[in-house]
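Here is my note on the model. Please read the points alongside the sequence and the coordinates.

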Amino acid sequence: MELKVVRPNQRANRAIRVSVLSLILGGGLALLATRDLARGEGGTPVQGQVINGAHRALDEGQRIYEKANCVGCHKWHGDGGGGYGGAALSLRATQLTRDQIIEVVHCGRPGTGMPHFDRDAYKDHRCYSGVTAQDMGKDLPLDAATFLRPKEIETVVDYVLEHIKGKGQTSYQDCVDFFGEGARACEVYKNTSAHSRATGTEERQ
C-alpha cells in the first residue's frame with residue numbers, strides 16, 4: 001500500500017486557499033445585504049452612505065417623503081410645480097405652521113389634487129373642525145396611493161420643516177443632501193451655483 005505524504009507547506013497553502021475562499025463568499029453575502037439596505041422604497045437610491053453606488057437612507061423623514069411620493073408633485077426640493085396631481089404649492093415658500101401642515105397631510109386640501117394620507121380622514125380623524133365627507137361633496141380630497149400612520153405624518157412634516165420650508169432657492173448642497181455626493185441630478189445645480197457666485201446673482205431653478 002502506497003502512502004501519500006502531505007508536506008507541511010502543502011497543508012499551509014491549502015488552509016490559506018480555504019480562508020481566502022471563505023472571505024470572498026462572506027464578503028459577497030455581506031455586499032448583497034448592504035445593497036438591499038442601501039435602497040429605499042421601490043429600489044430608489046436615497047440619501048446616506050454610499051454603498052456600491054447606492055445610498056442608505058439616514059433621515060426617516062426623507063424615506064417617508066419618498067414612500068408617500070411627495071416628490072411626484074412637490075418634487076424632491078419641495079418647490080412644487082407641475083405634477084400628476086396638478087401644480088403643487090411650494091413647501092419652501094409655505095407660511096403654514098407645523099399643525100396646519102400636519103392637518104393638510106392627514107386630510108388633503110379640498111378642491112385640489114392634494115390627497116389625504118390618513119386612512120381615517122373624514123371618518124374617525126376630525127378634519128378641518130369636524131367637516132364630513134358629505135359636507136365636502138365633490139371637493140372631497142382623493143385617497144392617497146399610500147396611506148401613512150399618524151407618527152409617519154408627524155415625521156415627514158418635521159422633515160419638511162427642517163430641510164425644506166423657508167430654505168430659499170434650491171442649491172447644489174440641497175441636492176447633495178437629498179441624493180448623496182456624486183449624483184448626476186445635482187450637476188445642473190452645481191453649474192448654476194458656480195455661475196451665481198461668479199455673477200453675484202441667484203437664479204431660480
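1. Helix α2 spans residues 60-67, and its buried residues are G61, Q62, I64, Y65 and E66. Buried means under 20% relative accessible area, exposed means over 50%, and partly exposed lies in between (1.4 Å probe, protein chains only). Helices are DSSP runs of H or I, at least four residues long, numbered from the N terminus.

2. What do the buried residues of α2 pack against? They pack against α3 (71-74), α6 (150-163) and α7 (172-179). A contact here means heavy atoms within 4.5 Å.

3. Both ends of α2 deserve a look. At its start, a side-chain oxygen of D59 comes to within 2.7 Å of the backbone nitrogen of G61. Just after α2, N69 has a positive phi of about 60 degrees.

**Confidence**

4. This is a predicted model: local features need pLDDT of at least 70, side-chain atom pairs count only at pLDDT 80 or more, and totals for chains, interfaces and linings use all residues. Residues are numbered from 1 along each chain as its sequence is written, and side-chain values use heavy atoms, with hydrogens and water left out.

5. The chain averages a pLDDT of 75, and 62% of the residues score at least 70. pLDDT is the predictor's confidence in each residue, from 0 to 100. Over residues 15-56 the pLDDT is below 50; this stretch has 45 contacts in the model beyond near neighbours in sequence. Residues 197-205 also stay under 50, with 13 contacts beyond four places in sequence.

**Salt bridges**

6. The structure holds 7 salt bridges. The criterion is a side-chain nitrogen of Lys or Arg within 4 Å of a carboxyl oxygen of Asp or Glu. Side chains of opposite charge can pair when their charged atoms come close.

7. E154 pairs with R98, with the closest N and O atoms 3.5 Å apart. This pair links distant parts of the chain: E154 is in helix α6 and R98 in helix α4 (residues 98-107), 56 residues apart. E154 is partly exposed at 32% relative accessibility. R98 is partly exposed at 30%.

8. R149 and E152 meet in a salt bridge at 3.7 Å, N to O. Salt bridges with shared partners join K67, R149 and E152 into one network. Is R149 buried or exposed? R149 counts as exposed, at 55% relative accessibility, whereas E152 counts as buried, at 5%.

9. D139 forms a salt bridge with K138, the closest N and O atoms being 3.8 Å apart. D139 is partly exposed at 33%; K138 is exposed at 79%.

Key
Helix = DSSP H or I, 4+ residues; strand = E, 2+ residues; numbered from the N terminus. Polar contact = N/O pair within 3.5 Å; in protein donor to acceptor, adjacent residues only side chain to side chain.
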